[in-house]
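Hello,

I am passing a structure on to you, and my notes on it follow below. Please have a look at it first and then read on.

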Amino acid sequence: MATTRSDGRKSSEVRELRASLGQLDRADGSAQFGFGGTAALASVAGPIEAGLREELPDKATLKILHRPLEGVGATPSKALVNTLQAVFPPLLHLGQHPRSLIQLVIQSLSPDPSTKTVSPTTSQTSWPPESFPATSSSAPLSGSFFSARAAALNAASLAFLDSASVGMRAVPIAVALAHLPQGTVVDPTMEEEEGAVSRHVFGWAFGAGISTESRGEMEVDEEVESELVWAESEGQFSQSEYETALSASRRAALDILQFYRTTLGEHLALKLKLRVDKQ
């Protein structure tokens, strides 16, 4: 994986990681996460009182909503919500908050393929124009960019860490990859995804003792235990290419985990300083 890409990155490099925590005052926890310009904002509220239809006697109900950058949520939004509903409940201590509701809201800050348009080649000065911008026909088949979905999961993960109101047994981190004619690349741009032969997104959960479970694919190294909690692929690829992408995703996820630690440490240090200054 030594491919040099159009933006100068090596094939194994992610874009500049960006994150900020606690931006939303009315949320119990919030975070924005981005792979470069591909970003999402997440907020967590709860535990709060659940309605009769949502109440569960033995654990909290996790309700997840997704809002696209433009328009209303359609099939891609439902697919993302279904993914997050599968990933997060086993990793959260929902049993500590019976008969309550925890709400996770994801706001995408990047366009999806259905709203991405091709800019017209000539300027228009009158309305209505002679022609409207055409929708890109090279968009991924699933109707969403895998890198944007990975950013959404990571924003949600950081929002739960910021809230600290719901315990986590492990921290999930997602990474997208694409197989291009010149090789496999980590964290593809939208243009790379559109031109990919195949693409993948993997989610790894990191936490002490997580790998002792028998569910899913698991891997342990000397320092960090992890479990594969999300795997999705599209396109044509061989078993060797899939295994290459899987290994590369875990290495990238470990780098993002270190970024989480640094970001969370700086955020907590700032909160402590502000508290001391008020005294």
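Helix α2 is mostly covered, with 17 of its 18 residues buried. Buried here means under 20% relative accessible area, exposed means over 50%, and partly exposed lies in between (1.4 Å probe, protein chains only). From its first C-alpha to its last, α2 reaches 26 Å, close to the 26 Å expected at 1.5 Å a residue; the expected span is 1.5 Å times one less than the number of residues. Just after α2, Ala 164 has a positive phi of about 60°.

Before going further, a word on where this comes from. This is a predicted model, in which local features need pLDDT of at least 70 and side-chain atom pairs count only at pLDDT 80 or more, while totals for chains, interfaces and linings use all residues. Residues are numbered from 1 along each chain as its sequence is written, and side-chain values use heavy atoms, with hydrogens and water left out.

What does α2 lie across? Helix α2 (residues 146–163) lies across β1, β2, β3, β4 and β5 (100–108), and runs at about 150° to β2. Angles run from 0 to 180 degrees between N-to-C directions, with axes fitted to C-alpha atoms, for helices over the stretch in contact. Helix α4 (residues 239–278) also packs on the sheet, where it touches β1 and β2, and its direction makes about 35° with that of β1. Contact means heavy atoms within 4.5 Å.

The sheet itself is open, with 5 strands in the order β1-β2-β3-β5-β4 and mixed pairing. Its edge strands, β1 (17–21) and β4 (61–67), each pair on one side only. Two strands pair if DSSP finds at least two bridges between them. Strands β2 (residues 29–35) and β3 (residues 38–49) are antiparallel partners over 7 bridges, and Gly 29 has Val 44 of β3 as its bridge partner.

Over the protein chain there are 4 helices and 10 strands; these are DSSP runs (H or I, at least four residues, for helices; E, at least two, for strands), numbered from the N terminus. Of the 279 residues, 47% count as buried.

Lastly, some notes on confidence. The pLDDT, the predictor's confidence in each residue from 0 to 100, averages 85 for the protein chain, and 82% of the residues score at least 70. It is below 50 over residues 131–141 and stays under 50 over residues 213–222. Where pLDDT is low, the predicted coordinates should not be read in detail.

Best wishes
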